[in-house]
Amino acid sequence: MQVSVIGAGLAGCEAAWQLARRGIAVTLYEMKPAKRTPAHHSDDFAELCCSNSLRSDQLENAVGLLKEELRRLGSLILACADETRVEAGGALAVDRHGFSRLVTERVRSHPNITVIESEVTSIPAEGTVIIASGPLTSDALSAAIAEKLGDGHTLNFYDAAAPLVTYESVDMSSAWFASRYDKGTADYINCPLTAEEYDAFWHALTTAEEAPVHGFEDKHVFEGCMPVEVMARRGHDTLCYGPLKPRGLKDPKTGHEPYAVVQLRRDNAEGSIYNLVGFQTHLRFPEQKRVFSMIPALANAEFVRYGVMHRNTYLNSPGLLDRYYRLIADDRISFAGQMTGVEGYVESAASGFLAGVETARRLLGQAPIDFPRETAIGALGLYVSDTTVANFQPMNVNFGIMPPLGCRIKGKRNKNAELSRRSLEIIDSLRESVLDGVKEESHEDHH
Ligand SMILES: Cc1cc2nc3c(=O)[nH]c(=O)nc-3n(C[C@H](O)[C@H](O)[C@H](O)COP(=O)(O)OP(=O)(O)OC[C@H]3O[C@@H](n4cnc5c(N)ncnc54)[C@H](O)[C@@H]3O)c2cc1C
């Protein structure tokens with residue numbers, strides 16, 4: 001029994017791991033380092049292209065629930081994220097390089113996984129295959145997928161990454177460490193702007209020169225990763241209700257909330273690099289330096305990476321894929337990750353998890369596991385394969401794709417906590433079957 005997994009990103013590594021730990025031989029193809037997508041820079045697997053945050057780690061939030069489900073079921077990506085976490089309030093943020101290095105080490109050292117560093121340019125004609133080549137799948141493989149699926153089954157949208165600056169170049173006399181409402185530890189660097197400073201910044205941002213991106217129009221931007229300049233153009237104060245929101249951030253110098261606050265989040269374990277939260281952008285690089293340096297604390301900031309914008313490809317999955325991300329028309333092929341229309345790091349890992357577990361089960365002659373819509377893992381697979389969804393769009397996990405509670409509960413947080421409790425009860429009841437056939441009892445199964 002052998003499976004080819006294409007792409008050693010978040011989804012591909014998770015899928016390969018789940019197969020390998022069930023005794024199945026995996027050939028994992030990764031085109032790095034010989035060839036890179038425009039957003040991938042390191043030689044390691046599971047590279048985080050933009051933010052180093054895997055978002056909320058709280059059970060009142062759907063992505064917090066998804067993480068906990070994956071943790072309980074032995075996900076490689078979650079285990080490595082937990083081991084390399086850096087403090088970020090209620091979020092699970094990781095040391096970007098430490099995280100990828102750990103995933104790479106684990107995958108490369110698994111005896112059932114053979115890594116082949118080579119670009120795959122066509123879909124293997126035989127054998128079981130999981131395609132997890134991501135939103136920036138190389139052109140040759142994209143063309144092969146489009147040909148296999150037929151007209152109109154591959155779609156695109158645009159996504160952008162935020163810049164990184166060095167800590168030592170941030171002027172801390174104009175900034176302070178705190179988390180919003182002083183919750184948890186003081187993990188963010190907060191860079192205040194007065195009304196006048198904000199106004200000048202806004203004018204510069206909305207008139208700055210953008211890098212040309214072929215075919216890009218504002219309406220095709222994924223809402224959750226909208227370039228800061230696109231958001232700014234929606235209105236003078238739109239950013240003050242979004243990434244520059246000052247709520248809960250009192251400047252210790254004045255004792256008041258500033259007019260606007262830019263937050264920087266730690267990007268590595270040493271705390272030597274920070275990213276500009278919500279500042280994904282496709283301005284020209286010199287314009288990024290000019291405009292972002294108008295934020296007083298960043299007047300002399302050293303940019304170690306500028307923001308970039310990319311065209312993302314995804315499948316029009318409803319009708320093409322089943323709830324386990326398997327191609328309905330040719331069930332030896334599954335897809336996993338962002339290209340299936342799930343959106344986000346954790347969601348990509350979750351689809352890799354389900355595709356890996358179910359492919360292994362099928363090869364081992366075991367019945368599929370019914371992850372119901374009440375679970376975040378199940379809800380994502382059911383969303384992606386739901387033929388009643390009109391105008392299919394990539395989607396972050398959210399409680400809206402899960403069935404409501406049968407009873408009334410006061411307060412959104414309480415209701416969400418109850419939805420999570422309901423799901424985790426199901427996950428715990430499925431855990432034994434999911435882990436049935438797992439060969440090695442490794443550390444990530446323990447809680
Ligand atoms: C610029 C950008 C910024 C993003 N920022 C965020 C963010 O901040 N937060 C968030 O949650 N999500 C973000 N995403 C969305 C998404 O979560 C990530 O893209 C995530 O990495 C998707 O995981 P994946 O496993 O599907 O693909 P990837 O992690 O991209 O992995 C795919 C792998 O396949 C390899 N590959 C591609 N083609 C081939 C081929 N033909 N042969 C062999 N190997 C191949 C690639 O080199 C890569 O290693 C961003 C996406 C982009 C493009």
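The crossing of α1 and α9 is right-handed, a crossing being right-handed if the near helix is turned clockwise from the far one by less than a right angle, and left-handed if anticlockwise. The model is predicted: local features need pLDDT of at least 70, side-chain atom pairs count only at pLDDT 80 or more, and totals for chains, interfaces and linings use all residues. Residues are numbered from 1 along each chain as its sequence is written, and side-chain values use heavy atoms, with hydrogens and water left out.

**Helix α1 with α9**
- Helix α1 (residues 10-20) packs against helix α9 (residues 345-363) at an angle of about 30 degrees, and their axes are 7 Å apart.
- Helices are DSSP runs (H or I, at least four residues), numbered from the N terminus.
- Axes are lines fitted to C-alpha atoms over the stretch in contact, and angles run from 0 to 180 degrees between N-to-C directions.
- α1 and α9 are therefore roughly parallel (angles under 35 degrees; over 145 counts as roughly antiparallel).
- From α1, Leu10, Ala11, Glu14, Ala15, Gln18 and Leu19 meet α9 residues including Tyr345, Phe353 and Ala360; contact means heavy atoms within 4.5 Å.
- By class, the contact of α1 with α9 has nine nonpolar, five polar and one charged residues.
- Ala, Val, Leu, Ile, Met, Phe, Trp, Tyr, Cys and Pro count as nonpolar, Asp, Glu, Lys and Arg as charged, and the others, Gly among them, as polar.

**Helix α1 with α4**
- α1 also packs with helix α4 (residues 96-109), at an angle of about 30 degrees and with axes 11 Å apart.
- This crossing of α1 and α4 is left-handed.
- Leu10, Cys13 and Trp17 of α1 make the contact with Phe99, Val103, Arg106 and Val107 of α4.
- The contact of α1 with α4 has six nonpolar, no polar and one charged residues.

**Helix α6 with α8**
- Helix α6 (residues 195-207) and helix α8 (residues 285-292) pack at about 170 degrees, their axes 9 Å apart.
- α6 and α8 are therefore roughly antiparallel to each other.
- Phe201, Ala204 and Leu205 in α6 meet Arg290, Val291 and Phe292 in α8.

**Nonpolar cores**
- A nonpolar core is a set of buried Ala, Val, Leu, Ile, Met, Phe, Trp, Tyr and Cys residues joined through side-chain atoms within 4.5 Å, where buried means under 20% relative accessible area (1.4 Å probe, protein chains only).
- The largest nonpolar core has 125 residues, of which Phe99, Ile131, Phe201, Leu264, Phe279, Phe292 and Phe371 touch the most other members.
- α9 gives the most to this core, with nine residues.

Definitions and conventions
Helices (H or I, at least four residues) and strands (E, at least two) are DSSP runs, numbered from the N terminus. Angles under 35 degrees count as roughly parallel, over 145 as roughly antiparallel, 65 to 115 as roughly perpendicular and the rest as oblique. Buried means under 20% relative accessible area, exposed over 50%, partly exposed in between (1.4 Å probe, protein chains only).
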